[in-house]
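Biologist: Could you please take me through this structure?
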Amino acid sequence: MAHQQRQRAERALDLMLEFQRNKAHNLIETGYDPRQDLLVRSHEVRSLLEKFHHVRADARVLEVGSGAHGLIFFFGAQRGIGVDPLAHHYVTLFPSWQRRVPTVSAYGEALPFPDSSFDVVLSDDVVDYAEDPAAIVAEMARVMAPSGTLYFSVNICHPVWNGLSMLREVADFHTTHISLQRARRFFKHLPLRIVWETHNIPGTRAAIRKRAEHRLRAWVKSIFYYKARFAAIAIREPV
């Protein structure tokens, strides 16, 4: 099983690189500049974090899985850094924002930083693309300083989807499906205290309010949810 997961992760990286190369080419052809959208998203996350813990101007900020369009590039961090297995490719494909902060080519399961290195850690829709999601969350907790803040989000699906259509998972870059319960378990034995969380799994009450012809479909979606979103903010506690 571990070998299969590793293979899926490697294939997903290859597909992601091909996808981002095509995107970079299309940006050149269309002249579209996504920097404003990236700025808005980064500021939304920073403003949310500020509600729970002040982000100092000199805070050490890490984004794990900074990818092609990560939060870190417009987060406003004077001491920011991004980590991604494909970082050395992205800095060439998207130089206009990738070079705003330094990036390191590394895997989230083995972050190349000492313990307690960062005040803020970001992980935005990343771990279900990787080989070992739980290991990534544990590594993020390790490199966070005491009282540091974590922003974490991930796509979530009902567990039934994990047994179906592995080829489809790889086709859209995902290596595994993560349920709401599994996402919460990532934090269970770590020195991370969740202070805020949300998800957008459709509720059964909303399904009941649907018109009769749509009620069954809405009810099924509320039970066997697919590609909903879970997000959480956690504070690093002293061990």
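Predicted model: local features only at pLDDT ≥ 70, side-chain atom pairs only at ≥ 80, totals over all residues.

Biologist: What is the order of the strands in the open sheet?

Modeller: The seven strands follow the order E3-E2-E1-E4-E5-E7-E6, with mixed pairing. Strands (E, at least two residues) and helices (H or I, at least four) are DSSP runs, numbered from the N terminus. Two strands pair if DSSP finds at least two bridges between them. The edge strands, pairing on one side only, are E3 (103-104) and E6 (192-199).

Biologist: How many bridges join E6 to E7?

Modeller: Seven, and the two strands run antiparallel. One of the partners in E7 is Ala232, bridged to Glu197.

Biologist: Where is Ile235 found?

Modeller: Ile235 belongs to strand E7, residues 228-236.

Biologist: Is Ile235 buried or exposed?

Modeller: Ile235 counts as buried because its relative accessibility is 8%. Buried means under 20% relative accessible area, exposed over 50%, and partly exposed in between (1.4 Å probe, protein chains only).

Biologist: Which residues does Ile235 touch?

Modeller: Leaving aside residues up to four places away in sequence, its contacts (heavy atoms within 4.5 Å) include His53, Thr149 and Arg193. The C-alpha atoms of Ile235 and Arg193 are separated by 5.2 Å, although these residues lie 42 residues apart along the chain.

Key:
Residues numbered from 1 in each chain as written. Heavy atoms only, no water.
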